[in-house]
Amino acid sequence: MAEDKIPTRAEDFSEWYNQLVLKAELADYSPVRGCMVVRPYGWALWENITSWLDREFKETGHVNASFPTLIPMSFFEKEKEHVEGFSPELAIVTHGGGEKLEEPLVVRPTSETIIGYMYSKWVKSWRDLPILIVQWGSVLRWELRTKLFLRTAEFYWHEGHTAHATREEALEEMHRILDIYEKFARTEAALPVIKGRKTDAEKFAGAQITTSIEAMMQDKRALQSGTSHYFGTNFARAFNIQYLDKNNALQFCETTSWAISSRIIGAIIMAHGDDQGLILPPRLAPFQVVIVPIYKSDAEKSKVMAVADKVFTELKAAGIRLKMDDREEVTPGFKYNDWEMRGVPLRIEVGPKDVEKGSVALARRDIPGRDGKSFAPQTNLAASVTGLLSEIQASLLKRATDFRDSHIFDPGTYDELKEVVQNGWAFSWWCGSRDCEAKVKEDTKATTRNIPFEQPGGTGKCIVCGEKAEQKVYFARAY
Ligand SMILES: [Zn+2]
């Protein structure tokens, strides 16, 4: 078992993460550098994430569609900031069918351009608006330093692309989506996040406004977990997305785009995991419960399995996602470690004594050892398990919230800021100047995360230059 041990978070947080992803069988390295293979257990987790979001998008009027992977190179050159932002990361196809292409094609790093082009063909009048389309798929960005889920060349996501008649509607859409992201993070992923606006230096290439949700990992670094952008008419002008308004005057559309990517899996790992491995929030876990039968003889086995099977059937009928680990070739102790590594929220043990007593043993993944153990009667077990899963979900959110709040500081001086961002976030007044923002980055590697919508009110003095400041911003080292 020794070689199966992963480093503790305190020893080496980065290596703890890398080994956990492999050992929990979430993902693996591919032969193409920087790309990842998402294994079935990781994909099952991703499916639970995507199905929640998909349902939410559809309930708010969005529809799904699919656009091509390859985009003409010239499309990227139509929006100046967009091409500047993305050209270092582009993978370009120059040959097809053994011949050099007349125009190189870009493997999509994001799809604003091709979708903008199509919208210009589809939108004619105000009656055609709004367009609310979501595409699910993968994109490719030539990343140099990669890490499974957090930063890979190819990654999975949805990208929403919407076109509206007015600025107000487009801004409303941007906020509607950010609210959905915040709700997803809080209720499903048990991640407390901060909603706010990115500074100009940190916004998406081509956006007028970028908003984000930001989460704190256990190494106190920030992880941008979702973004929602307002483009104004930037892309509409570049791609000629125009409509005739009610007075028959030609107008440019206002557009948005937004995304949560497979990066969110990295956030879930780093916010909740412990030294034994992954801890998955019950609402997203591929298996919410694992049943481990315990017996020594054939006689015990038949009694134990009869109860274990009955428990399995009952819980499954109650809609609980679960797994029966009836492997013969490994010990119960091995199974405990195995499912702890994979973060299954609740383990049910059924042994000969439990059979006699008419009960089962329950072990919570979020509270290791004796403290997390309890016994429940076999009758009405589905209700006890469902209740316990909700309790685990709530306790993960509370733990992550307490952790985050105890690592957000309000430094009194710039020197103090330099110190606190080494082990937390600073929430500080900022005058809005790019120079002050750049100085913090240069001195500490901490960047502005976002300007939260929730502000204390009033004014203060910029933590860097001392000038008057009208907003507070989060500074943190980030993934
Ligand atoms: Zn300043």
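Where is P130 found? In this predicted model, P130 sits in the loop between helix 5 (112-122) and strand 7 (131-140). The legends below start from the whole chain and then move to local views.

Residues are numbered from 1 along each chain as its sequence is written. This is a predicted model, in which local features need pLDDT of at least 70, side-chain atom pairs count only at pLDDT 80 or more, and totals for chains, interfaces and linings use all residues; side-chain values use heavy atoms, with hydrogens and water left out.

**View 1. The whole chain.**
The protein chain has 14 helices and 26 strands. Helices (H or I, at least four residues) and strands (E, at least two) are DSSP runs, numbered from the N terminus. The C-alpha trace spans about 80 × 60 × 45 Å along its principal axes. Of the 479 residues, 54% count as buried. Buried means under 20% relative accessible area, exposed over 50%, and partly exposed in between (1.4 Å probe, protein chains only). The chain exposes about 21,700 Å², and carbon and sulfur atoms supply 50% of it. Accessible areas come from the Shrake-Rupley method with a 1.4 Å probe; for residues, only the protein chains shown count as cover. Among contacts with a separation of 6 or more, 69% come from residues 24 or more positions apart. Contact means heavy atoms within 4.5 Å.

**View 2. The zinc site.**
Which residues are the protein donors of the zinc ion? They are C431, C436, C462 and C465, each through SG, at 2.3 to 2.4 Å from the ion. Donors are N, O and S atoms within 2.8 Å of the metal (3.2 Å for Na, K and Ca); water is not among the atoms, so sites may look incomplete. The site is tetrahedral, with angles of 105 to 116° among its four donor atoms. Four donors count as tetrahedral if all angles lie between 85 and 135 degrees. The ideal angle for four tetrahedral donors is 109.5 degrees. In sequence, the donor residues follow the spacing C-x4-C-x25-C-x2-C. The pair C431 and C465 links distant parts of the chain, 34 residues apart. C431 lies in the loop between strand 21 (425-430) and helix 14 (434-444). C465 lies in the loop between strand 24 (460-461) and strand 25 (468-469). C431 is partly exposed at 27% relative accessibility. C465 is also partly exposed, at 37%.

Two strands pair if DSSP finds at least two bridges between them. Strand 21 and strand 26 are antiparallel, over five bridges. Here W430 stands opposite Q471 in strand 26. Strand 22 and strand 26 (residues 471-476) are also antiparallel, over two bridges. T448 faces F475 in strand 26.

**View 3. Strand 26 under cover.**
Is strand 26 mostly covered or uncovered? It is mostly covered, with six of its six residues buried. Q471, V473 and F475 are buried on one side. K472, Y474 and A476 are buried on the other.

A second open sheet runs in the order 3-7-8-14-11-10-9-23, with mixed pairing. Strand 3 (63-64) and strand 23 (451-452) form its edges; each has a single partner strand, so one side of each lacks a neighbour in the sheet. Strand 9 (residues 194-197) pairs with strand 23 in the antiparallel sense over two bridges. G196 stands opposite P452 in strand 23.

**View 4. Backbone exceptions.**
Most residues other than glycine have a negative phi, and most peptide bonds are trans. L129 and P130 are joined by a cis peptide bond, with omega about -5°. E25 is not a glycine, yet has a positive phi of about 60°. E25 lies in the loop between helix 1 (13-23) and strand 1 (27-29). E25 is partly exposed, at 29% relative accessible area. K445, also a residue other than glycine, has a positive phi near 70°. K445 lies in the loop between helix 14 and strand 22. At 69% relative accessibility, K445 is exposed.

Conventions:
Four donors count as tetrahedral if all angles lie between 85 and 135 degrees; four count as square planar and six as octahedral if opposite donors are over 155 degrees apart and all others between 65 and 115; anything else is irregular.
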